[in-house]
Amino acid sequence: MKKTTILKSLIQDENTSFLMEAHNALSARIAQESGFKGVWASGLSISASLGLCDRNEASWTQILDIVEFMSDHTTVPILVDGDTGFGNFNNVRRLTKKLCQRGIAGVCLEDKLFPKVNSFISDGNDLTSADEFCGKLRAAKDSQLDEDFVVVARIEALISGLGMDEALIRAYKYYHAGADAILIHSKRKDAREVLEFKSRWKESCPVIIIPTKYSSVETSVYKEAGISTVIWANHSLRASIQAMKRITEQIQKNESVSLIEKDIATLEDIFMLTGEAEARLAEEKYLTSVTA
Ligand code: SPV
Ligand code: MG
């Protein structure tokens, strides 16, 4: 099955699906090998792994190159965090085409202004008008090169303090503009807002959430509420930061790696994750001279 078709069916499935964050080819592969059926290419995590703020400091083509490596190294579908689309409808058209050409299964666009700021940094960004954003969604749907490519509309109204009614009004507009799913984002420490949104949402269009701030809520709550997809948006990056800090601090302090050897991945782990075995087989196939 095509990656686009897999992502579409994950999002449309009546059972709740889970996407795992990744920020490069290696973390995407690890997410896949952990059993995740799909990957979230997080803007925050990709930026952070480049040493950049989540403020569109990285150009869209730099992001494109990274997600291409991720897609080449995985068989599961990737939903790319497309931020605001890096400009207006015209930038969205080009972004969508290029993502399709590079094997990406879907893009999530958010209704902030370019350049965006991460939702958890400020008190909320100014949002673009719903009409302008609908134009971007229509532009994305009209430009996709694969009929099953997924366009997710992310609503920032709750983050920006505009309230539930505004969030719902925007959701209806975005759905009717062609969005394949609605992502409702919240910065509360409980799931009250996203659950209220879901209970008041009367369309069949799937609802996606990112429980970063309300991390202690059991996933059974989302399953019962009929949430389509849960995105674990930054946990791979945070895990790696913690592990790298702990290990490098120990190596620095002890001037030795012998104590931590057992706590880190082996070289074999690296070779396995990068497909060495296949490269060996290819050597046998292509470096051996064929005798007549
Ligand atoms: C991301 O992972 O980049 C996101 C999710 O957009 S959040 O950081 O929660 O805004
Ligand atoms: Mg983001």
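A polar contact is a pair of N or O atoms within 3.5 Å. Please keep that cut-off in mind, as I shall begin with the ligand in this predicted model.

A polar side-chain atom of Asp81 lies 2.8 Å from an oxygen atom of ligand 1, so this pair falls within 3.5 Å and counts as a polar contact. Two further side chains deserve mention here. In Trp40, a side-chain N or O atom is 3.0 Å from an oxygen atom of ligand 1. For His185, the distance from a polar side-chain atom to an oxygen atom of the ligand is 3.0 Å. The residues around ligand 1 also include Ser42, Asn118, Arg154 and Ile210.

I turn now to the backbone. Most residues other than glycine have a negative phi, and most peptide bonds are trans. Asp83, which is not a glycine, has a positive phi of about 50°. Asp83 is found in the loop between β3 and α5. Next, the peptide bond from Phe114 to Pro115 is cis, with omega near -5°. Pro115 belongs to the loop between β4 and α6.

That brings us to helix α6 itself. How do the axes of α6 and α7 cross? They come within 9 Å and cross at roughly 30°. Angles under 35 degrees count as roughly parallel, and α6 and α7 are therefore roughly parallel to each other. Their crossing is right-handed. On the α6 side, the contact is made by Ala130, Asp131, Phe133, Cys134 and Leu137, and on the α7 side by Arg170, Lys173 and Tyr174. By class, five of these residues are nonpolar and three are charged, with no polar ones. Thank you for your attention.

Conventions. Residues are numbered from 1 along each chain as its sequence is written. Chains are lettered from A and ligands numbered from 1 in the order in which they are written. This is a predicted model: local features need pLDDT of at least 70, side-chain atom pairs count only at pLDDT 80 or more; totals for chains, interfaces and linings use all residues. Side-chain values use heavy atoms; hydrogens and water are left out. Axes are lines fitted to C-alpha atoms, for helices over the stretch in contact, and angles run from 0 to 180 degrees between N-to-C directions. Helices (H or I, at least four residues) and strands (E, at least two) are DSSP runs, numbered from the N terminus. Angles under 35 degrees count as roughly parallel, over 145 as roughly antiparallel, 65 to 115 as roughly perpendicular and the rest as oblique. A crossing is left-handed if the near helix is turned anticlockwise from the far one by less than a right angle, and right-handed if clockwise. Contact means heavy atoms within 4.5 Å. Ala, Val, Leu, Ile, Met, Phe, Trp, Tyr, Cys and Pro count as nonpolar, Asp, Glu, Lys and Arg as charged, and the others, Gly among them, as polar. A residue is near a molecule or strand if one of its heavy atoms lies within 4 Å of it. A polar contact is a pair of N or O atoms within 3.5 Å; within protein, one must be able to donate a hydrogen and the other to accept it, and residues adjacent in sequence count only if both atoms are side-chain atoms.
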